[in-house]
Amino acid sequence: MPAESPAAPADVVARLRTTFRTGRTKDLAWRTHQLERLRALLTEHGDELAEALHADLGKSRAESYRTEIDFTVREIDHTLEHLEDWLRPEPAPVHAGLAAAGATALTVRDPLGVVLVIAPWNYPVQLLLAPLAGALAGGNCVIAKPSELAPATSAAVARLLPRFLDTDAVAVVEGAVEETTALLEERFDHIFYTGNGTVGRIVMTAAAKHLTPVTLELGGKSPVFVDRDTDLKTVAQRLASGKFLNAGQTCVAPDYVLTDPETATALADALAAAVEAQFGTDPSASPDYGRIINERHFDRLVRLLDSGRTVTGGAHDRATKYIAPTVLADVSPEAAVMGEEIFGPVLPILTVAGLDEAIGFINDRDKPLALYAFTESPEVRERLLSETSSGGVGIGLPLAHLTVSDLPFGGVGESGMGSYHGPYSIDTFTHRKAVLDTPLG
């Protein structure tokens, strides 16, 4: 079945709202069945999705399964295991004198209604289907809007979702700015957007017309603090793995490193060795190294390459949208690479005198989606946790907090609002309704 016509979003929304009003999406059996069918889509057509991801982003099959397909399957499995408990009404105490004798209080989880999920291009399977799973678990109807910048994946998802899910409750709308703008004119009960802050503001403005609640999963410059006297070989290996995954096109990728001058010199050498160990002497020939999504982003990233001294990398080829894993040293806070979220395979190292200066540097900028630290000091960990603000914190390993389903994933300030994963998806896609039951007699 083809995707929904983007020319008639009002008709699609109306059809889904009619389905929601029948009440069938509220049934636990319906929710469970939709999640099981979504899981079947991923397991039965994983190779097809992996091929699409390779066509769009140059992702290897192993990376596609690890970061997108299997990731989403695990999220669905966790939800299926706990969904009934998460949805169970929660009793609340009723204090004497505040209500009639014998009154009982509880909260129940109400589905919101018709939800719009707008996905980005960098993880176009995971970041569409994981929120979709949460919305279905919450008992909602959903319009899924894949990214037009990942056209092969968009087409695959649009082809597959109607084969597996209830088409009266789930619709796919493909398209670009025009189609998304038309969708945003409609009234939804929740909008879940993953992407950049510029479009996030457009989404919020459109939602405000209908007082529609929004979840914004944005990004930002996620800092890394490397303490002195750490195991720099391990630090470099983990930094290289986290930074250059998906050619750096990850919202929680380490964006820049802060450390003292002596450590910076040693870390730069360790990072060069780690990149070679991971991708070989010619990363362009590595099957594990991806490509930049399009020429516009390629050109933007190339302009950042002269922001410091090149420790390793720097090579690029516009014809294949290849930029080598690049580490820059001697970077100034005023350099071009520090003026925007990098969202690519360029890692600058900046020097600070110590922890106090690092904390000040972080706090002088927008609140990041993630903050990472490599330290053995409990005091350093505690100060970073208590004296900075970020969407999440990873100590000793970048990106890993995203994989724990019982942790909320989301930003704060410029890096977003709201969160999801596991029980937090239920929080996002349902309303916790207060009920007080007072006897008449």
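**Aromatic contacts in a predicted model**

Phe-192 is buried, with a relative accessible area of 0% (buried means under 20%, exposed over 50% and partly exposed in between, with a 1.4 Å probe and protein chains only). The model is predicted, so local features need pLDDT of at least 70 and side-chain atom pairs count only at pLDDT 80 or more, while totals for chains, interfaces and linings use all residues. Residues are numbered from 1 along each chain as its sequence is written, and side-chain values use heavy atoms, with hydrogens and water left out.

Tyr-420 is also buried, at a relative accessible area of 1%. Phe-192 and Tyr-420 make an edge-to-face aromatic pair, 4.8 Å centre to centre with 80° between the planes. Rings of Phe, Tyr and Trp (its six-membered ring) pair if their centres lie within 6.5 Å; planes under 30 degrees apart count as stacked, over 60 as edge-to-face and the rest as tilted. This pair links distant parts of the chain, 228 residues apart: Phe-192 is in strand β6 (residues 190-194), and Tyr-420 is in the loop between β17 (416-417) and α14 (423-429). Helices (H or I, at least four residues) and strands (E, at least two) are DSSP runs, numbered from the N terminus. Phe-192 and Tyr-420 belong to one aromatic cluster with Phe-409 and Phe-429.

By the pairing rule, the count is seven aromatic pairs. Among them is Trp-121 with Phe-343, edge-to-face at 5.5 Å centre to centre and 90° between the planes. Trp-121 lies in the loop between β3 (114-118) and α5 (126-137), and Phe-343 in the loop between β13 (326-329) and β14 (346-351), so the pair ties together parts 222 residues apart in sequence. Trp-121 is buried at 10% relative accessible area, and Phe-343 is buried at 17%.
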